[in-house]
Amino acid sequence: MIDWLITFAASNPVEHVTDKPIYGQWYFSNVTLMLLVSGILTLWLILPAAKKIATGHTGNTIEDYRSRGLFANMVEAACLYLRNEVFKPLLGEQTDRFAPMLWTFFFFILINNLLGLVPFVDIFALLGLNQAIDPVTHQPIVTMHDGEEYYHYYGFGGTATQSIWVTATLAAISFIWFNGVALLKDPKGYFLHLTGGAPVFMWPVMIVVEIIGTFVKPVALALRLFANMTGGHIIVATLLMFVVQLSTQMGGVAGHGMALLPLLGTIAVYFLEIMVAFIQAYIFTFLSALFLAQLVVHHGHDEHHEDDGHGHEGHGHDHDHAHAH
């Protein structure tokens, strides 16, 4: 039996998505390593692309306004789409002020998501470079199964955004950012937003509801990204477990033939996971822009209107607030 099959055929597929200490030391875990790798990779890819996208340095020819390189063109296309089709309808004239932060969210989360699709854990296990070591005996951790020894392996791979701690931190950064920007820009308008445009006698209820809603937003951001990235990886781990079990326990032509079914399913899910990686990065960025717009754009138009002579007051406020939500 090949030892590294234990990385595929774990009895509990959740083991594939849980964080693990690097050589038994929790102060530097697998998720920490992947975050560092993702951060360095983001800078390494995006900064050179940004330089190739920069225009107008040497003259006014068409070449001065053309991105140089395929990857730079891809980055520029993504940035322009997000700016013009996603951010601008929400943020209006303030789009360019907030676009850099939103672009940072998108590319950092996207690279984290995509990096998690590379099977680093299994590659390192094949090479025997990440065996789990008992912190007391300093010997490899071995499990006996059907009279055979299986070595355990640590991380060196996976998706950092499948950790609730990582997604919660990203959501907290987004939460502090859009609330901080709104509060600094217009403190009066920020607190007026908490009234929800309701009459004064309803304020005690509306303020409580709006405060709860304010804290629900980052929770939704964190849980959505965490659940989607975790669920797909568990499905992949489960299907691969079936592949190994059918091949090794049934054996023969029948076992290997039946193992092709979950293997094909794994390939299909992997393609789906690529799409999910883009979608979840987009959704996190879009919702951050939406929450920001509700605070810094819409409340600017949410002032109570004067009585129009028919006893109707504050309709513009109610309409804008409803539109924002």
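Predicted model: local features only at pLDDT ≥ 70, side-chain atom pairs only at ≥ 80, totals over all residues.
The structure contains 1 salt bridge. Side chains of opposite charge can pair when their charged atoms come close. Here the partners are Asp-96 and Arg-83, whose closest N and O atoms are 2.7 Å apart. Asp-96 belongs to helix 3, residues 95–115, and Arg-83 to helix 2, residues 70–91, so the pair ties together parts that are 13 residues apart in sequence. Asp-96 is partly exposed, its relative accessible area being 49%.

The largest nonpolar core has 48 residues, and those touching the most other members are Phe-87, Leu-91, Trp-177, Leu-292 and Val-296. Two or more residues come from each of helix 1 (30–53), helix 2, helix 3, helix 5 (164–185), helix 7 (203–250) and helix 8 (252–296). Helix 8 is the element that gives the most to this core, with 11 residues.

Leaving aside residues up to four places away in sequence, Phe-87 touches Leu-82, Gly-92, Thr-95, Ala-99, Leu-102, Trp-103, Thr-285 and Ala-289.

Ser-174 sits in helix 5 and counts as buried because its relative accessibility is 0%, with the limit for buried being under 20%. With residues up to four places away in sequence again set aside, Ser-174 is in contact with Phe-105, Leu-221, Phe-284 and Ser-288. Between the C-alpha atoms of Ser-174 and Ser-288 the separation is 6.4 Å, although the two residues are 114 residues apart along the chain.

Conventions: Residues numbered from 1 in each chain as written. Heavy atoms only, no water. Salt bridge = Lys/Arg side-chain N within 4 Å of Asp/Glu carboxyl O. Helix = DSSP H or I, 4+ residues; strand = E, 2+ residues; numbered from the N terminus. Buried < 20%, exposed > 50% of the residue type's maximum accessible area, 1.4 Å probe, protein only. Core = buried A, V, L, I, M, F, W, Y, C linked by side-chain atoms within 4.5 Å. Contact = heavy atoms within 4.5 Å.
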